[in-house]
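Subject: Structure handover

Hello,

Here is the structure I promised to pass on. My notes on it follow below.

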Amino acid sequence: QNTRYLQSQSERESNARSYPRRLPIVIKEAEGIHITDMDGKVYYDCLAGAGTLALGHNHPVVIEAMQQLLTSKHPLHTLDLTTPLKEKFVEEVFASLPPSFAQNAKIQFCGPTGGDAIEAAIKLVKTATGKRSILSFQGGYHGSTHAAMSLSGTLGQKERVNGLIPDVHFMPYPYEYRCPFGIGGEQTHQISSSYIENLLDDPESGIVSPCAMIFEVVQGEGGSIPAPVEWIREMRRITQERNIPLIIDEVQTGLGRTGKLYAFEHAGIIPDVLVLSKAIGGSLPLSVVIYNKELDQWNPGAHIGTFRGNQMAMAAGLATLRYIREHHIPEHVTQMGALLVEQLQHIQQQTGCIGDIRGRGLMIGVEIVNDQKIMDHLGHYPAHPQLASLIQQECLKRGLILEVGGRHSTVMRFLPPLIITQEQVLEVTRIFGEAVT
Ligand code: PMP
């Protein structure tokens, strides 16, 4: 049965489709961490809607919240007119933020996707500062809309699109394993921050007072690369001293994924602008921007769009966020993440192709390299995208869905639902180990 649907998909659907090329499965049903295909084969889903499904597929509290809404004559669509449900959602989101951020913050509902919220964030800071150049980071990913894509690193998709937004300056991200300065380890983040500070203070660098700096605290699509907390604090200091609004993109890291409700909390900093999507809609489309009130200088109507009042997503998101907070899911994520890393390290010791294991919480990346152990001139082990792709296929055959990401398409990305159990971590890593071997 799978084959028939897949054939029809490749004939009718756009050439731009991406996930289905690498994951040729047809999903019949799903529950928790599991999905079942048309032929009855069951998979562990460690892609989880690219990190969206914090509570896994069809979690009872999410389903119940949606059923209640459907049977209550509650409007499903309201543009951005308000409802008691929306008020409750906003209250829960604000209660989940560090108080020093929440007490000075405002929220803007955006269109259904993370990309749309990134567009809003950029327009917000451009309006408030009157400036235009933006500091972004190599390997970052912020979405597929025009501006969001312009801020993203080179992940292939930009290649053939002309006329992206100008004045985006790409800074080196503290990617320790593939250090852009050819050194690695802790020195990566120290050099990255001095380099950025130096560029900002040098009139000849061509970077004239930016309207914002934007980054992910853990780069997601770029290969699950966590920025060291010292580096994050340095970025906060550098931007604060120069009055540059700091936008933190937590579309993927938000709501407990990294072991804190928000990943910026690891560094004890407060951003000026926080971008959320994915898990915030409890598996339905929703995105928001939360920002310091002082930036709220745009005109009414400056960021509009029809689908900013997705009531069903608010019901699902509210149930998800409540569950995450009430059940201390971030602590569970920390424990399961540590177990996952420990198991992956055993596999690393037994095989020769795992170069690096890294991440935070349940956002873990495993970098696949050539086992020759010959470094290039920058001190990097050669990336091995064909082997990564082969491992992905071997995992799929054995019932494990993993995405491959990273700048060189060599990072096996573990993004399971946050409610993954200890037994499931062991089973997922057992399958992965078998596939790698
Ligand atoms: N920012 C980050 C960090 C993301 O991971 C993504 C999606 N993978 C986006 C923005 C864009 O979100 P969307 O695909 O919903 O537009």
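Helix H12 (residues 329-350) and helix H14 (residues 422-436) have axes that come within 10 Å and cross at roughly 25°. Angles under 35 degrees count as roughly parallel, so H12 is roughly parallel to H14. The crossing in which H12 passes H14 is right-handed.

On the H12 side, the contact is made by Met336, Leu339, Leu340, Gln343, Leu344 and Ile347. They meet Gln422, Val425, Leu426, Thr429, Phe432, Gly433 and Val436 of H14. Sorted by class, this contact between H12 and H14 has nine nonpolar and four polar residues, and no charged ones.

Please keep in mind that this is a predicted model.

As for the whole protein, its secondary structure consists of 14 helices and 17 strands. Its radius of gyration is 21 Å, close to the 22 Å that the globule rule gives for 437 residues, so the protein is as compact as a globular protein of that length. The C-alpha trace spans about 65 × 55 × 45 Å along the principal axes.

There is also a ligand. It is surrounded by 16 residues, and the closest are Thr113, Gly114, Gly115, Gly143 and Val251. Helix H7 (residues 114-129) gives the most to this shell, with three residues. By class, the shell around the ligand holds four nonpolar, nine polar and three charged residues.

Regards

Note on methods
Residues are numbered from 1 along each chain as its sequence is written. This is a predicted model: local features need pLDDT of at least 70, side-chain atom pairs count only at pLDDT 80 or more; totals for chains, interfaces and linings use all residues. A residue is near a molecule or strand if its C-beta atom, placed from the backbone, lies within 6 Å of it. Helices (H or I, at least four residues) and strands (E, at least two) are DSSP runs, numbered from the N terminus. Ala, Val, Leu, Ile, Met, Phe, Trp, Tyr, Cys and Pro count as nonpolar, Asp, Glu, Lys and Arg as charged, and the others, Gly among them, as polar. Axes are lines fitted to C-alpha atoms, for helices over the stretch in contact, and angles run from 0 to 180 degrees between N-to-C directions. Angles under 35 degrees count as roughly parallel, over 145 as roughly antiparallel, 65 to 115 as roughly perpendicular and the rest as oblique. A crossing is left-handed if the near helix is turned anticlockwise from the far one by less than a right angle, and right-handed if clockwise. Two residues are in contact if their C-beta atoms, placed from the backbone, lie within 7 Å. The radius of gyration is taken over C-alpha atoms; the globule rule is 2.2 Å times the number of residues to the power 0.38.
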